[in-house]
Amino acid sequence: METIIGIAWTMLGAVFLGTFALPSKYIKNYAWENTWGAFFLFAMLVVPVGFAMLAVNGLWDTYADVSWPVILGVLGLSFMWGCGFCCWGYGLSMVGLSLGYSLTMGTMALVGSMVPFFLGSADKAATTGGMIVIAGILVCILGVAVNGYAGVRRERSQPGDEAEGQPKKKKRMALGLVVCVVAGVLSSGLNIAFHIGNNVGKIAEISEGLGNPAWAAGLSTWTLVFLGGMISSVGFSLIMLTKNKTWKGFANVATGRNLVLAFLMAAAHFACIVFYGIGGGILGVLGTSVGFSIFQSGSLLLGNGLGFFTGEWKGAGTGSKGWLFAGLAVLILGIVVVSYGNYTISLAETP
C-alpha cells in the first residue's frame, strides 16, 4: 500500500512539473525579463524559502553544522542551475513547450543521472546495474538528438508568415534547440547540488536531528539550493530589466494578472519538488528508480501534450510529428533504463 501511495505522490509531482510553465503562454504585454524575472523571484525566494521558514524547525541553525565547502559547493552548483533555468526560459520562447520540455528535461535527466552515478557509484560501472545505467545514458543521448531533429523538421514543414520570414524562423529554431540543450546541461546542477547537500553534507540528516520529519528536513537542503539559483536567475533578470529599460512593463494595466500567473507558475514549480520529495521518501530505495522514472517521464508527456494542445505543431508535417513522438519514446525508454540500473545497483548494495 505504501508503494502505491508513494507512486501517487510522485505522479502528482510530475503533473506540476509538466504544467508549471503553461501560464507563461498567457502572460501579455511583458518582455521576457518581466515574465521570468517575476517568476524567478517568486519561485526561488518568496515561495520556497517562505514556506521552509514556516515548516522547518531551526532552519538556519541547520547550516551551522554543515562545512563551508559543502555550502559553497551547493550554492555554486545551484547557481549553475539558475543559469540553466534562464536559458530554458529563453528556449521555451523560441521552440515552444513540446521541444522545450523534451530537450531540456531529457538533457537534464541525462546529465543529472550521469554525474551523481560517476561521483558515487563509479566502482559499479562494470557491474550489471552499472552497465544498464550507462546503456540508459546512451539511449537518452539518442532521444535528445532525435527530438532536436524533430524541431528542424517542424520548421521545414510549417509555413512561414510575413512578419517572420522562413530563414529568420529557421535560425531562431536552431538557436532555440542549442539553448534548450545548454539549459539541460546547466540545470543538471540542481540534482548534483541536492546530491552533495544530502549525501556529503548530510543537511537533511542534521535537520532531522532538530526534530523535523523527513519531508521537512529535505526542505533544508532545497532552501540552500533555491538561494543559489536565485542569485543567478534573479540577478540576470535585473540586468536585463535595466539594460532593456523594461522596468516600466510592471506598470502596465495587465501587470496584476501577469504577476498572479507568474506566482502560479512558482507555486506549481515548488509543488512538484515537494510532492516528488514526499513520494521518493515513501518509496525508499525505489525513489531514485521507479520514482525518478515516473517523475521525469510524466513531465515529458504532459509538457509535450500541452504543446500540442496550444497549437505549437499546427501545420507541421506528419513526418516531423513522427520524429517528435519517436524521440519522446526513446527519451522515456532511456529514463526507465537508467532508473532500472540504479535500482539494480541499490538491490546489490542492500544487505
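Reader: Is Ile-5 buried, exposed or partly exposed?
Author: Ile-5 is partly exposed, with a relative accessible area of 36%. Buried means under 20% relative accessible area, exposed means over 50%, and partly exposed is in between (1.4 Å probe, protein chains only).

Reader: Where is Ile-5 found?
Author: Ile-5 is found in helix α1. Helices here are DSSP runs of H or I with at least four residues, strands are runs of E with at least two, and both are numbered from the N terminus.

Reader: And what are these values based on?
Author: This is a predicted model, where local features need pLDDT of at least 70 and side-chain atom pairs count only at pLDDT 80 or more, while totals for chains, interfaces and linings use all residues. Residues are numbered from 1 along each chain as its sequence is written, and side-chain values use heavy atoms, with hydrogens and water left out.

Reader: Which helix gives the largest share of the patch?
Author: Helix α1 (residues 2–19), with 4 residues.

Reader: Let's zoom out. How many helices and strands are there?
Author: The protein has 12 helices and 0 strands.

Reader: How much of the protein is buried?
Author: Of its 351 residues, 52% count as buried. The accessible surface is about 15200 Å², and 71% of that belongs to carbon and sulfur atoms. Those areas come from the Shrake-Rupley method with a 1.4 Å probe; for residues, only the protein chains shown count as cover.

Reader: What about contacts along the chain?
Author: Take the contacts with a separation of 6 or more: residues 24 or more positions apart account for 86% of them. Contact means heavy atoms within 4.5 Å.

Reader: New topic. How many aromatic pairs are there?
Author: The count is 28 aromatic pairs. Rings of Phe, Tyr and Trp (its six-membered ring) pair if their centres lie within 6.5 Å; planes under 30 degrees apart count as stacked, over 60 as edge-to-face and the rest as tilted. One of the pairs is Trp-81 with Phe-226, which is edge-to-face, at 5.7 Å centre to centre and 65° between the planes.

Reader: Where do Trp-81 and Phe-226 sit?
Author: Trp-81 is in helix α4 (residues 68–120) and Phe-226 is in helix α9 (residues 214–243). They are 145 residues apart, so the pair links distant parts of the chain. Trp-81 is buried at 3% relative accessible area, and Phe-226 is buried at 1%.

Reader: Why does the pair of Phe-85 and Trp-88 count as tilted?
Author: Their planes stand at 50°, so the pair is tilted, and the ring centres are 6.0 Å apart. Both residues lie in helix α4, 3 residues apart, about one turn of the helix. Phe-85 and Trp-88 are both buried.

Reader: What does His-269 touch?
Author: Leaving aside neighbours within four places in sequence, His-269 is in contact with Phe-20, Phe-39, Ala-43, Trp-81, Phe-85 and Phe-226. His-269 sits in helix α10 (residues 255–283). It counts as buried, at 6% relative accessibility.

Reader: How far is His-269 from Pro-48?
Author: In space, 9.6 Å from C-alpha to C-alpha; in sequence, 221 residues.

Reader: Now Ser-232. What does its side chain reach?
Author: The backbone oxygen of Gly-229, at 3.2 Å. Ser-232 lies in helix α9 and is buried, with a relative accessible area of 6%.

Reader: Last one. Is Lys-245 buried or exposed?
Author: Lys-245 counts as exposed, at 65% relative accessibility. Lys-245 is in the loop between α9 and α10. Its phi is near 55°, a positive value in a residue other than glycine.

Conventions:
A polar contact is a pair of N or O atoms within 3.5 Å; within protein, one must be able to donate a hydrogen and the other to accept it, and residues adjacent in sequence count only if both atoms are side-chain atoms.
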